[in-house]
Amino acid sequence: MTQDMEIPDPLKDLDASLRGVRFQPRASLLPEVQGRLRRGESSEGVAPLRFDWLALRAIAAVLVAGVGVALWVGQRNRGITMDHCCYDLDGGGSTDDGVLVVTRGGQAVRRIAVYEDRDSSRSLTAGDVVRFDRGSELTVGDTTVPGMVTTRHCCLDYDGGGPDDDGLLVMGVPPDQVMMVALYEVRPRQPSPHYPLR
Amino acid sequence: MTRPLPGTEASSGTPSPAAESLCQEWYEAHGVAVYSYFRFHVPQVDVAEDLTAETFLKVIRAADRFDPARGSPRGWILTVARHVLGDWRRRTRLRQYVPIGALSDLVFEAPSPEERLLREEEVGRLLDAVATLGERDRELIGLRYGSGLDTAEMASVLGLSEGSVRTRLWRALKRLREVMMA
């Protein structure tokens, strides 16, 4: 080792100790390297530990992404049930009607039921009378019945999507017939007739 | 070295005789420096051997990329060794040095087994202390005392000025001394 560097006095002993440390590899290491070179072995093949952190990170990233997608899909497909009571939805004059709305992720409607809250529980229970019940498809009952009335109720969070931006359209014949129920979403600051029916 | 470097592999994928010759030449000239550099960083003899072998396999395969105008073969080989060590560290996450009893490769002309044992304990304590230092300090000490690089070579390998190398090495030694005295 060269003495090209002036070492401060307090460090000279330590410098001398370190200079005295010498290691010698075993004599057979060179032939071993030459043999591996001759066999065309990859230099990457001699790692003392084969744990591949890059692969682990990639797997972890895929898992995290998978969980994220699953959560997102789950959130989107999660059924949300909203039960609003009580209003005069059927035109009977009493505010004793409720509407049960089941949506997928607060978006697509799966079910709408209008019921009369007979037991005053302010929710759909076994003792109530269901006036109208539909699935995800918009259905309309007999519209030839005379005296049909359309009422609009706005705005609440009927679909569970968050903001109170949903309107409820009910067609029926007072005092207790309901032919059609639809949800629509009110566009921000646009209380226009262009209601997207849900 | 001013002569042109030989091609490292024949068309069949096997190393050319020139490459084998170069391997032997470089290993004989710098093998101990590379091995000792690793021994300042890793506790196990077999790991240091593996890393040394890996370093020389890499440098021989990439020998045609070595530019003598940009530095000495030793500096270039030690640069490769640093990368090999870095890769190994990332794989193993090993930090603790446990050298006692693992210094069979220590060069020491001891007149008796007892003296050799004492010397191994002394070096073991020294390397234990080195192992407690930060990455930069260990790098400086490994290059200086393991590989025996001079200041200019260290500056080239580390990409620092010679003055900076001196200052940093002194600071590293000062920290090492504090560890030894604690």
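B:Glu139 is found in helix α5 of chain B. Helices (H or I, at least four residues) and strands (E, at least two) are DSSP runs, numbered from the N terminus. The model is predicted: local features need pLDDT of at least 70, side-chain atom pairs count only at pLDDT 80 or more, and totals for chains, interfaces and linings use all residues. Residues are numbered from 1 along each chain as its sequence is written, chains are lettered from A and ligands numbered from 1 in the order in which they are written, and side-chain values use heavy atoms, with hydrogens and water left out.

B:Glu139 counts as buried because its relative accessibility is 8%. Buried here means under 20% relative accessible area, exposed over 50%, and partly exposed in between (1.4 Å probe, protein chains only). Beyond its neighbours within four places in sequence, B:Glu139 is in contact with B:Tyr37, B:His41, B:Arg82 and B:Leu158. Contact means heavy atoms within 4.5 Å.

The rest of α5(B) is mostly covered as well, with 10 of its 12 residues buried. Among them are B:Asp137, B:Leu140, B:Ile141 and B:Tyr145. The cover over these buried residues includes α1 (12-19) of chain A. It also includes α1, α3, α4, α6 and α7 of chain B. After α5(B) comes B:Gly148, with a positive phi near 75 degrees.

A salt bridge is a side-chain nitrogen of Lys or Arg within 4 Å of a carboxyl oxygen of Asp or Glu. Side chains of opposite charge can pair when their charged atoms come close. B:Glu135 and B:Arg89 meet in a salt bridge at 2.5 Å, N to O. B:Glu135 lies in helix α5 of chain B and B:Arg89 in helix α3 of chain B, so the pair ties together parts that are 46 residues apart in sequence. B:Glu135 is partly exposed, at 37% relative accessibility. B:Arg89 is buried, at 6%. B:Asp137 forms a salt bridge with B:Arg175, with the closest N and O atoms 2.6 Å apart. This pair links distant parts of the chain, helix α5 and helix α7 of chain B, 38 residues apart. B:Asp137 is buried at 7% relative accessibility, whereas B:Arg175 is partly exposed at 38%.

Chain B as a whole has seven helices and zero strands. Of its 182 residues, 51% are buried. Among contacts in chain B between residues at least 6 apart in sequence, 63% join residues at least 24 apart. Chain B exposes about 8400 Å², of which carbon and sulfur atoms supply 51%. Accessible areas come from the Shrake-Rupley method with a 1.4 Å probe; for residues, only the protein chains shown count as cover.

The contact between the chains takes 53 residues from chain B and 40 residues from chain A. Together they bury about 4400 Å², 66% of it on carbon and sulfur atoms. Buried area is the accessible area (1.4 Å probe) that two parts lose on being put together, summed over both. B:Leu57, B:Arg91 and B:Tyr145 supply 15% of the area that chain B buries against chain A, more than any other three residues.

One salt bridge is counted between chain B and chain A. A:Arg26 pairs with B:Glu49 in a salt bridge, the closest N and O atoms being 2.8 Å apart. On the side of chain B that touches chain A, α2(B) gives the most, with 11 residues. The residues of that side divide into 28 nonpolar, seven polar and 18 charged. Ala, Val, Leu, Ile, Met, Phe, Trp, Tyr, Cys and Pro count as nonpolar, Asp, Glu, Lys and Arg as charged, and the others, Gly among them, as polar.

Chain A has two cis peptide bonds to note here. One joins A:Cys85 and A:Cys86, with omega about 15 degrees. A:Cys86 lies in strand β1 (residues 79-87) of chain A. Another joins A:Pro174 and A:Pro175, with omega about 10 degrees.
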